[in-house]
Amino acid sequence: MKLNIEGLLVYFPYDYIYPEQYSYMLELKRTLDAKGHGLLEMPSGTGKTISLLSLIVAYQRAYPLDVTKLIYCSRTVPEIEKVVEELRKLMEFYSKETGEVNNFLALALSSRKNLCIHPEVSTLRFGKEVDSKCHSLTASYVRAQRHSNPNLPVCRFYEEFDAVGRQVPLPAGIYNLDDLKNYGRKKGWCPYYLARYSILHANIVVYSYHYLLDPKIADLVSKELAKKSVVVFDEAHNIDNVCIDSMSVNITRRTLDRCQNNVETLQNTIHKIKETDAAKLKAEYRRLVEGLKEANVARETDIYLANPVLPDEILQESVPGTIRTAEHFVGFLRRFLEYLKARLRVQHVVQESSPQFLKDIYDKVCIDRKPLRFCAERLQSLLRTLEIADIADFSAVTLISNFATLVSTYSQGFTIIIEPFEDRTPTIANPVLHFSCMDPSIAIKPSVVITSGTLSPLEIYPKILDFRPVTMASFTMTLARTCLCPLIVGRGNDQVALSSKFETREDFAVIRNYGNLLLEMSAIVPDGIVAFFTSYVYMENIVASWYEQGILENIQRNKLIFIETPDAAETSMALEKYQEACENGRGAILLSVARGKVSEGIDFVHHFGRAVIMFGVPYVYTQSRILKARLEYLRDQFQIRENDFLTFDAMRHAAQCVGRAIRGKTDYGLMIFADKRYARADKRGKLPRWIQEHISDGSLNLTVDEAVQLSKYFLRQMAQPFRHEDQLGLSLLTLEQLESEEMLQKITQIAHQT
């Protein structure tokens with residue numbers, strides 16, 4: 001259908017539309033008009049992706065100068081593929097309606113591991129291995145050596161692309177990862193470099209967060225992307241953690257030992273080159289005097305581990321004299337390493353800020369701030385000059401020099417924590433230096449739209465990301481039947497309060513009641529149940545206890561039990577079997593962990609998840625020093641109380657877990673919060689609005705039996721036939737219904753402005 005959204009003609013590739021989709025597009029258009037940030041919470045399973053794409057593509061066509069590019073960031077490869085498929089539908093609809101051939105170019109970009117078609121390289125198991133092998137075949141000096149020695153191995157796909165592919169742009173169309181690979185095979189070009197080269201002139205790019213937020217990758221992939229791009233972060237409830245992880249560095253004794261070997265290797269290579277080809281080192285020295293801008297022009301295959309966010313003005317300067325010659329620089333690294341080794345010989349925990357660290361290093365080994373800032377760049381230049389092919393072997397020294405550059409560039413927003421041992425093994429000395437980022441706003445630059453199913457409470461995100469959104473809205477679900485049923489179970493049938501809090505964690509009665517809840521549910525819920533625990537340890541204890549009490553045996557009469565483990569291969573095996581048991585009618589229960597793999601990316605559509613039980617409140621482990629430092633920072637910088645942040649963090653994860661059950665308006669599911677603390681207003685108020693609306697006062701502090709009765713009633717209601725016609729005019733609209741006066745008034749109420 002074609003929609004008119006405040007004067008913008010939007011093509012929408014379906015015959016029916018949900019009212020909240022229309023409302024969402026209105027908010028999105030206002031965000032784009034104001035050229036600012038937007039923060040939009042839209043319930044899962046209501047067609048968020050297609051609404052975003054339809055509106056932004058229409059906007060791109062109407063105002064090609066204002067919005068040159070859409071950058072759509074998602075988390076996992078399956079999610080990226082889903083976005084590309086929706087986009088394909090939309091473009092087919094465009095060409096059908098307008099009759100003109102489409103000249104849009106949209107593509108997905110992923111790592112070399114997912115895009116490589118070289119017969120040997122692509123069989124390697126780990127991404128790092130693929131990157132390293134690829135680099136040893138495509139680096140510019142490897143290819144230069146080949147002129148003198150034609151027997152050296154080379155990647156024919158990259159050679160073809162380099163010779164021909166750059167002149168011929170990728171034909172317009174929609175490309176997912178497989179399309180790129182097929183196109184690459186057909187032409188004999190490397191799909192990875194083709195995609196990286198093509199995103200510069202593509203209209204829409206879909207890739208993972210890290211390509212934009214992680215400075216080491218972003219500098220390589222995204223620095224050419226235009227300032228007029230619109231950036232969308234989908235499923236972005238964890239965006240602050242992604243930003244923080246991508247800016248943090250951890251250094252252990254092993255890192256330093258490997259770094260020591262790297263420095264030895266560099267020293268020996270320099271000696272060799274001095275005897276054979278001293279002119280090379282002199283040329284590099286001259287280049288560094290002239291400034292880094294020149295050194296930066298080296299070919300794209302070399303600039304491998306790019307520079308952590310260096311301001312442009314540094315690139316204009318020349319490298320400080322103290323680290324200009326290769327030997328001086330290696331000596332400088334040696335001093336820096338010795339200093340770090342000395343710092344790691346600690347008996348107790350040390351915490352300090354970047355300026356304190358810099359003062360200490362100046363006092364002890366006379367290392368100045370300026371050469372440290374150039375460390376990462378200088379190392380890259382040296383690796384290029386020495387023509388080192390296996391760059392993966394030098395990951396340790398690269399990490400250390402990235403740390404040097406970051407610690408000397410940012411005086412705020414970072415903290416340094418040196419611990420003599422890990423929390424898990426307090427008896428074994430294993431010192432580690434955490435350079436950890438406290439402030440996720442360092443990573444967010446252009447105008448962005450942040451969207452997800454669970455972004456409540458909205459007002460905390462602008463605070464922790466430190467930006468001013470022009471629109472903030474939370475949408476509700478318009479439903480023809482109430483298809484979600486949130487219940488808060490606060491006590492067992494014996495009136496013992498249920499809670500996962502530390503004091504009652506080992507309590508026999510609580511564990512027994514939790515077991516009873518699962519047992520009763522397994523008897524009445526059809527097909528699949530997913531249960532979430534607060535941590536792996538907690539899950540192991542409870543399951544062991546259930547086994548001793550004979551509860552597990554009783555549950556298994558009703559359904560099979562599968563368990564998520566920290567091992568990815570085992571978990572995907574368990575998931576596969578779980579789905580099989582749901583399919584064939586045996587029914588299954590999946591026991592998993594909040595913040596684990598299952599809670600984040602996996603959808604339990606229809607009968608794969610008819611009930612989700614959240615055992616306890618998933619607070620993060622609060623004793624970690626990094627977390628404590630971050631909480632202090634939030635308190636001092638943004639006036640966010642520790643408790644507020646921890647509760648917010650726990651509730652967004654709980655919402656993420658229970659939200660797995662509802663993946664569309666025809667789906668239905670029970671959401672059971674098994675902990676009395678959920679009944680408190682401060683916890684409940686932090687759940688997304690579309691879940692909160694359905695919690696009635698009667699379902700706040702139920703016993704197990706009451707919950708079972710309510711669930712039975714709900715499931716009976718849901719078992720009634722539900723036809724397509726029942727939704728029409730209520731939660732599913734045709735164009736005529738959408739344009740009626742009363743509907744348009746209703747729609748203005750869906751978006752809850754904050």
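User: In strand 12, which residue is the bridge partner of isoleucine 417?

Analyst: This is a predicted model in which local features need pLDDT of at least 70 and side-chain atom pairs count only at pLDDT 80 or more, whereas totals for chains, interfaces and linings use all residues. Residues are numbered from 1 along each chain as its sequence is written, and side-chain values use heavy atoms, with hydrogens and water left out. Strand 11 (residues 414-419) and strand 12 (residues 432-437) run antiparallel and are joined by six bridges; helices (H or I, at least four residues) and strands (E, at least two) are DSSP runs, numbered from the N terminus. Across these bridges, the partner of isoleucine 417 in strand 12 is histidine 434.

User: Which strands form the edges of the open sheet of four strands?

Analyst: The sheet has the order 9-12-11-10, with antiparallel pairing; two strands pair if DSSP finds at least two bridges between them. Those that pair on one side only are strand 9 (249-252) and strand 10 (350-352).

User: Which residues on the two faces of strand 20 are buried?

Analyst: Strand 20 (residues 669-674) is mostly covered, with six of its six residues buried; buried means under 20% relative accessible area, exposed over 50%, and partly exposed in between (1.4 Å probe, protein chains only). In a regular strand, side chains alternate between the two faces of the sheet. On one side of strand 20 the buried residues are Gly669, Met671 and Phe673, and on the other they are Leu670, Ile672 and Ala674.

User: Which residue of strand 20 is the bridge partner of cysteine 485?

Analyst: Strand 19 runs parallel to strand 20 through five bridges, with valine 612 opposite methionine 671. Five bridges also join strand 15 (residues 484-491) to strand 20, again in parallel. In strand 20, cysteine 485 has as its bridge partner leucine 670.

User: Why is the pair of tyrosine 192 and tyrosine 193 classed as edge-to-face?

Analyst: A search of the whole structure finds 32 aromatic pairs. Rings of Phe, Tyr and Trp (its six-membered ring) pair if their centres lie within 6.5 Å; planes under 30 degrees apart count as stacked, over 60 as edge-to-face and the rest as tilted. The ring centres of tyrosine 192 and tyrosine 193 are 5.2 Å apart, and the pair is edge-to-face because the planes lie at 80°.

User: How many of the eight residues of helix 9 are buried?

Analyst: Tyrosine 192, at 8% relative accessibility, counts as buried, as does tyrosine 193 at 2%. Both belong to the buried set of helix 9, which also includes Pro191, Leu194, Ala195, Arg196 and Ser198. Helix 9 (residues 191-198) is therefore largely enclosed by the rest of the structure, the buried count being seven.

User: At what distance from the ring centre of phenylalanine 722 does arginine 481 lie?

Analyst: A charge sits over a ring if NZ of Lys or CZ of Arg is within 6 Å of the ring centre and within 35 degrees of the ring normal. Arginine 166 sits in this way over tyrosine 197, 5.4 Å from the ring centre. For arginine 481 over the face of phenylalanine 722, the distance is 4.1 Å.

User: Which residues touch the most other members of the largest nonpolar core?

Analyst: A nonpolar core is a set of buried Ala, Val, Leu, Ile, Met, Phe, Trp, Tyr and Cys residues joined through side-chain atoms within 4.5 Å. The largest core holds 118 residues, and apart from it lies another of 54 residues, among them Ile251 and Phe332. In the largest core, the members that touch the most others are Leu3, Ile17, Tyr207, Phe233, Ile239 and Ile450.
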